[in-house]
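Here's a quick tour for someone meeting this fold without any background. Take a look at the model first, and then we'll go through it piece by piece.

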Amino acid sequence: MTTTPGTEYPFAPVPPTEAVKHLGRIIADRPMTKMTMPYGGDVWLVHRNAAAREILSDRRFVREPFRTGERVVPFFVPFPDFLRGTLQFEDPPQHTKLRKLVQKAISPKRVREMRDSAVAFANELIDGMIDRGGVRDLVPEYSLSLPIEMLSNLLGVPSSDREKFERWSSSTLAVAGKSEAEVAADMAELAAYMTDLIAERREEPRDDLLSALAHARDRDETLTDAEILPIAFILIVGGFDNTATFLSTGVLALLSDDEQRARFTADPDGLAATTAEEVLRHGGFATGRPAGGGGGLVPFVATEDVVVDGQLIAKGDAVSIDPSAAGHDPAAVTDPARFDIARPDNPHLTLSHGLHHCLGAPLARMELQVGLAELFKRIPELRLAGEPVFSRDVLTQPMTSLPVTW
């Protein structure tokens, strides 16, 4: 596919303002680009926000060929096998059935009820950092601890098993640094642990998600362990790794922009919701780190020829949404290069959209809002004390260290 000069895709990391301009030129030039991934071959990367939403809402795009192993997932690294067995790769009607059950357990009402405990736990973590003083590492001491605690509460996992969960979670997403045997052993341990916990909840239900799933009857069918486990897996993996990185990125973005930080510290509770959305859309760019183009959400396969925004996607073609571009599409976002924590309308697709909208989105949003607001209320003079560190050994490339002081 020939591209207009200045609209090359993928493109190597460049300063964030230049990256946003480059994405803008691509979006003006074409709705999507076909690129060849290191694994799984060709995939369409969809750049325009409206085209992306159209695809995410269209049932003719499915994931079954990836789930069954008939097709290799087009991606930068070999896609972890276990993820292909999760809800993320199910299509309707099975996807709809499982999703409804989980949505009941992570309803906005349930998340509102969890908010008070999130505020209390965030303040406990902040107390600990203040007591210890000096230079603190925000990732393990705050950004990771908060979502793990919330997820443990939601699933019904004892907090004392948190460390095991961290190890298992990084293993499920491992793309380097761990042998296949180590990953397999960790996965087997996690499966055995969750299976035992599900059995316990069948005998003695509690007010948690695993109990709700273990006792869910959908048209008189009880979910099998084989169906419950992948749901628990996807929540564990998506539930704290990504949220922790969003939270650390949000802190780093605010510490990198004096104007927005001053706005936020003047009214953390009032601005928490819009700040969280802007961090999801533009946080990585706002930290000032170079940004490249060439990645997308989990792909789909077209079950028939479909024309989207004038571009034919042939039957059998793989297609993926490019959330960076969609979140910086001038047709959807005013002044996309600006980090604006009070942005009123924020149609980013970081948490996807439609059928596959992130199941844990209400929880992730709440944790991000609480995590940012409580930290800057308690330590408004927070500042960086070193460079952030990112892991390249894990699929999500999480931030693993963020030294701060005050």
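W44 stands opposite V319 in strand 12. That spot belongs to the parallel pairing of strand 3 with strand 12 (residues 318–321), which runs over 3 bridges. Strands here are DSSP runs of E with at least two residues, helices are runs of H or I with at least four, and both are numbered from the N terminus. Two strands pair if DSSP finds at least two bridges between them.

Strands 2 and 3 form a hairpin with 3 residues between them, and G40 in the turn has a positive phi of about 85°.

| Pair | Sense | Bridges |
|---|---|---|
| Strand 2 (residues 32–37) and strand 3 (residues 41–46) | antiparallel | 6 bridges |
| Strand 3 and strand 12 (residues 318–321) | parallel | 3 bridges |

Before going on, a word on the model: it's predicted, so local features need pLDDT of at least 70 and side-chain atom pairs count only at pLDDT 80 or more, while totals for chains, interfaces and linings use all residues. Residues are numbered from 1 along each chain as its sequence is written, and side-chain values use heavy atoms, leaving out hydrogens and water.

Now the whole chain. Its secondary structure comes to 15 helices and 16 strands. The C-alpha atoms fill a box of roughly 55 × 55 × 40 Å along the principal axes. Of the 406 residues, 55% are buried (under 20% relative accessible area, with a 1.4 Å probe and protein chains only).

Conventions: Buried means under 20% relative accessible area, exposed over 50%, partly exposed in between (1.4 Å probe, protein chains only).
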